[in-house]
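Have the viewer open as you read.

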Amino acid sequence: MTRALTSVQALGAFRDSLVARRDPQKPAVSVCAGTGCVACGALKLGDALRQEVDQRGLGDKLEVRINGCHGFCERGPLVVCHPQGYFYQRVQPADVADIIEQTVLAGKPIERLQYVDPVAGTRAVRQEDVGFYKHQLRWLLEYNGRIDPTSIEDYIAVGGYRALAGVLGGMRPEDVIALVRQSGLRGRGGGGYPAGVKWAQCRNAPAADGVRYIIGNGDEGDPGAFMDRSLMEGNPHLILEGMIIGAYAIGSPGNPVGYIYVRNEYPLAVERLTLAFQQARELGLLGRNILGTGFDFDIRLNRGGGAFVCGESTALMASIEGFAGQPRAKYVHTVERGLDNKPTNLNNVETWANVPLIVEKGAAAYAAVGTGDVSKDPWGGSTGTKIFALVGKVNNTGLVEVPMGRTLRQIIFDIGGGIRDGRKFKAVQTGGPSGGCLPESSLDMPVDFDHLAAAGSMMGSGGMIVMDDGTCMVDVARYFVDFLVEESCGKCVPCREGLIQMSHLLHAVVEGRATEATLTQLESLSEVVRDASLCALGQTAPNPVLSTLLHFKDEYLAHIREKRCPAAVCQALLTFTINEKCTGCMVCFKECPAKAITGEKKKLHVIDPAKCTHCGVCRAVCKLDAVDVR
Amino acid sequence: MIVVINGRDLHARPGDSLLDLARRTGIDIPTLCHHEGLEEWGGCRLCLVEVGRPGGHGAARVVPACLFPARDGLRVDTDTPRIHRLRAGVLDLLLARCPESDTIQELALQYGVRRTSFVERKNPDKCILCNVCVRACAAVGANAIGTAGRGVLGEIALPFHDDPAACVGCGACALSCPTGAIEMVDTGFTRRIWQRDFERVRCSACGRPTLTRDHAAHLAGRTGLSAESFQVCDRCHREQAGARFLDLLGK
Amino acid sequence: MNKRLQVTPARCIGCRTCEIACAFSHPAGGGPGPTRIRAYPVKPPERGVPVVCLQCDSAACVRVCPTQALVRDDRTGAILVAEDRCILCRACVWACPWGNVGYDEGRKVIHKCDLCAGDPQCARYCPSRALETFE
Ligand SMILES: Cc1cc2nc3c(=O)[nH]c(=O)nc-3n(C[C@H](O)[C@H](O)[C@H](O)COP(=O)(O)O)c2cc1C
Ligand code: SF4
Ligand code: SF4
Ligand code: SF4
Ligand code: FES
Ligand code: FES
């Protein structure tokens with residue numbers, strides 16, 4: 001069927017033939033089959049669609065496409081009907097007949113399936129009408145909703161592997177590195193290290209046996225983050241193409257093999273990537289003599305070790321070598337001595353996915369989007385787009401891709417549609433579990449590497465958790481520290497022992513056992529953990545504590561001085577009282593496990609604060625909303 | 001290659017870590033997980049020092065001396081207030097983990113920590129998870145122990161917590177442990193370590209207990225010597241070897 | 001001064017002075033330490049054979065040590081025990097075919113002839129020049 005493409009021109013010709021065979025006006029129904037939508041029944045929906053198409057004998061007239069994640073998982077399963085581009089959300093198998101009759105055959109939109117803006121109440125006909133999408137710039141995610149991730153032909157038809165062909169057909173490796181450097185691309189996995197600088201260091205690192213390793217980091221262990229997942233599942237070839245270009249630029253004549261390290265919990269990503277590699281090999285885009293240019297590169301997939309810390313570069317390399325996924329403190333950079341002590345270039349998969357775009361757009365056009373000036377120094381700004389996983393108390397949650405430098409306000413309010421249930425914004429946590437919490441006063445801050453770091457948080461891999469005024473910031477700090485206690489690998493003392501003590505101190509605050517000395521101790525302990533820890537997990541772990549202490553100190557003090565949780569979250573500090581709505585029904589009286597409630601039939605009940613254990617049962621069982629909590 | 005430590009110009013050799021250089025020149029840097037004969041671990045963080053370049057900008061960096069390679073022109077400070085604070089903090093944490101370890105108590109006291117300011121661990125043992133024992137056992141070639149569990153819940157253990165099959169009872173782990181956390185008891189011809197009783201070979205010449213049977217077999221494998229060589233204790237081995245030497249000389 | 005140690009067994013009278021000299025020049029725990037040299041009596045006539053480390057070029061003890069705790073001193077040519085590198089696996093003890101590496105069970109250390117930092121004391125006290133040093 002498919003034959004290996006033996007020249008750069010052959011790829012072009014192959015693409016032309018694919019495009020010629022496709023009719024853009026032909027009706028097509030695209031079903032999102034990202035993990036989120038699949039969880040909501042997208043596969044059943046796809047089956048139902050196909051069945052309906054078969055039954056009606058519409059096989060030639062209509063195409064049913066299965067795509068990767070569209071980012072708006074919360075509204076899944078999502079369906080887009082082409083050529084009109086009608087956008088439907090929360091689609092169920094029962095809607096299939098209507099979609100075919102009304103939209104496909106009659107060309108009319110179905111109002112019932114449209115998205116209604118929860119604030120403005122407006123109806124969105126097409127994807128671009130949805131506030132969530134309107135303010136995004138989807139460079140990386142553009143094709144997620146358009147191509148079938150299991151089809152290399154789909155990818156090639158939309159221009160895939162053109163960047164690779166351009167590179168292999170006419171650029172020297174040094175030129176590719178210069179291009180990436182000028183684009184200002186910085187690492188999307190956490191640190192924001194300029195990719196071009198890293199590549200150059202790796203290329204220039206002496207490699208006696210000519211072996212340099214290229215690795216894609218798809219470990220993505222942050223809770224709530226799924227941007228890498230959606231790229232790997234929705235557009236695996238984009239990452240692969242970036243890695244092949246990188247391998248060419250960095251050069252490993254001794255052993256042209258790279259690795260992609262994928263989190264163990266991502267079986268679909270593993271499947272899609274494995275398939276993508278196989279397809280690329282068959283077409284001569286991966287393996288020996290790529291596109292007949294004499295360039296060799298192949299890739300192996302490694303499944304992650306299952307811990308958050310396995311995503312850290314040295315732990316990841318230890319894990320690929322077959323050792324425990326623990327970081328190694330190396331003061332010789334991994335670009336010089338990494339995997340197997342060979343020069344190694346590790347980039348996050350989103351970083352790799354940017355590479356074909358840079359080649360296609362050119363460095364200047366790429367760098368035109370973003371902040372700062374990278375024309376002289378890639379550290380001078382943050383360019384291109386970044387995908388964030390917007391979650392928490394916003395109306396629209398999901399994956400959002402925006403140009404670097406959009407403000408938090410634009411992301412949270414324009415794209416996220418503001419705070420849920422009409423509540424007030426309180427804080428946003430960026431950068432994963434060891435990121436910082438930023439208050440309202442930071443909302444107009446541009447989101448890029450340097451601004452986030454200066455504000456005491458970080459870009460991390462792009463997690464963004466929005467919190468409303470019902471959130472207790474001390475409890476948030478406690479939550480993240482407890483997460484990190486579990487994830488600390490335990491190799492170094494400050495992280496292993498320091499985090500558990502930090503957790504003890506925070507528990508003392510939320511349980512009302514703390515004094516002001518506790519805060520001083522938290523601060524000095526934070527210094528030890530930050531400065532003395534071996535890897536970035538420990539070094540950044542105090543961020544949630546330090547940033548909440550900085551911006552929300554009054555909340556800590558309320559817990560300590562007044563033994564009160566202002567957000568009424570911390571159980572131990574709540575006071576339960578019964579108000580005059582009480583009719584004396586005796587339900588709470590019977591249910592209270594602490595026997596703290598006294599009262600007679602038809603008389604106002606009273607809670608004895610000395611006996612109350614703050615379990616909240618009374619409030620839960622009262623049908624009259626007569627139990628107040630403060 | 002000149003490295004400036006605490007204001008002194010010191011000549012470093014290629015391959016020196018800052019710790020190597022400091023120790024050779026009599027500069028004291030405390031360590032716990034460092035063992036001269038084993039691969040560096042970098043986990044205890046007691047050997048932290050500050051490094052910066054002369055005239056370099058930005059704050060000095062805190063790095064572990066055991067792992068940081070000596071570089072020409074590097075400026076190192078081993079005893080700044082910040083380093084003191086960090087080491088005291090680390091020891092305070094270790095004291096909460098192992099309140100009963102005299103190794104830790106003594107070190108902590110040197111940094112002004114008499115009692116931990118943190119919450120002491122429940123049912124504490126003396127293990128600080130420095131991994132010296134695991135690395136020693138790997139060097140022995142037995143690879144009998146490792147870390148089980150992650151983070152604070154981690155502990156040094158046998159595979160599946162209870163499989164001592166690979167252990168040869170040599171005791172290298174217990175003898176190398178900086179805090180004496182590994183229990184090893186010799187009674188007559190039995191050695192108990194890692195939940196297992198090992199039989200010690202009775203010296204065929206003098207009748208005294210010598211290596212454990214497993215250790216003898218392990219060493220026979222590693223040295224390529226006959227199993228009989230290990231039927232005698234070290235002293236009788238010496239006598240017999242001397243006699244062989246005499247034979248060789250033809251007296 | 002770096003002196004080499006030369007053994008001439010034919011001259012040994014089996015008096016074991018060398019053992020005493022060795023023990024006293026390597027004190028341990030306040031008293032004389034375990035001796036690294038052994039003068040084996042050979043009878044009759046009253047003679048002996050001193051057996052001491054030959055500082056072999058390709059030494060079995062050095063080769064077997066997993067932690068490179070046996071290191072040749074460039075200056076004296078002696079193979080020394082770097083105690084802080086040693087994990088007491090005792091492979092070297094049996095690996096030496098002549099029994100010249102010993103184990104001090106009480107103090108938990110490996111010991112062997114160190115050529116007394118370049119001035120072997122055994123030779124200095126040997127009454128019959130069975131042990132000699134030369135520059
Ligand atoms: C605890 C920890 C976890 C990390 N997890 C990831 C991860 O899941 N994915 C990732 O790409 N980078 C992760 N990183 C960052 C990597 O160490 C590394 O900096 C990154 O992969 C480099 O790629 P980049 O320059 O393209 O960002 C983690 C770092 C730490 C300290
Ligand atoms: S006693 Fe067992 S566990 Fe300890 S070093 Fe020897 S073989 Fe390893
Ligand atoms: S048992 Fe001893 S040597 Fe082993 S990790 Fe614990 S403290 Fe270190
Ligand atoms: S006992 Fe010490 S010197 Fe001898 S081989 Fe073992 S580690 Fe090396
Ligand atoms: S899985 Fe469908 S939008 Fe994310
Ligand atoms: S000695 Fe433990 S980290 Fe250096």
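The shell around ligand 4 divides into ten nonpolar residues, one polar and one charged, where Ala, Val, Leu, Ile, Met, Phe, Trp, Tyr, Cys and Pro count as nonpolar, Asp, Glu, Lys and Arg as charged, and the others, Gly among them, as polar. Among the residues surrounding ligand 4 are C65(C), C86(C), C89(C) and C92(C), along with T67(C) and R90(C); a residue is near the ligand if one of its heavy atoms lies within 4 Å of it.

A note on conventions: this is a predicted model, in which local features need pLDDT of at least 70 and side-chain atom pairs count only at pLDDT 80 or more, while totals for chains, interfaces and linings use all residues. Residues are numbered from 1 along each chain as its sequence is written, chains are lettered from A and ligands numbered from 1 in the order in which they are written, and side-chain values use heavy atoms, with hydrogens and water left out.

Now turn to chain B, which is assigned domain 1 (2-79) and domain 2 (132-248); the bounds come from an automatic or database domain assignment. Their C-alpha centres lie 35 Å apart. About 510 Å² is buried between the two domains, and carbon and sulfur atoms give 67% of that; buried area is the accessible area (1.4 Å probe) that two parts lose on being put together, summed over both. On the domain 1 side, L32(B), H35(B) and L38(B) supply 68% of the area buried against domain 2, more than any other three residues.
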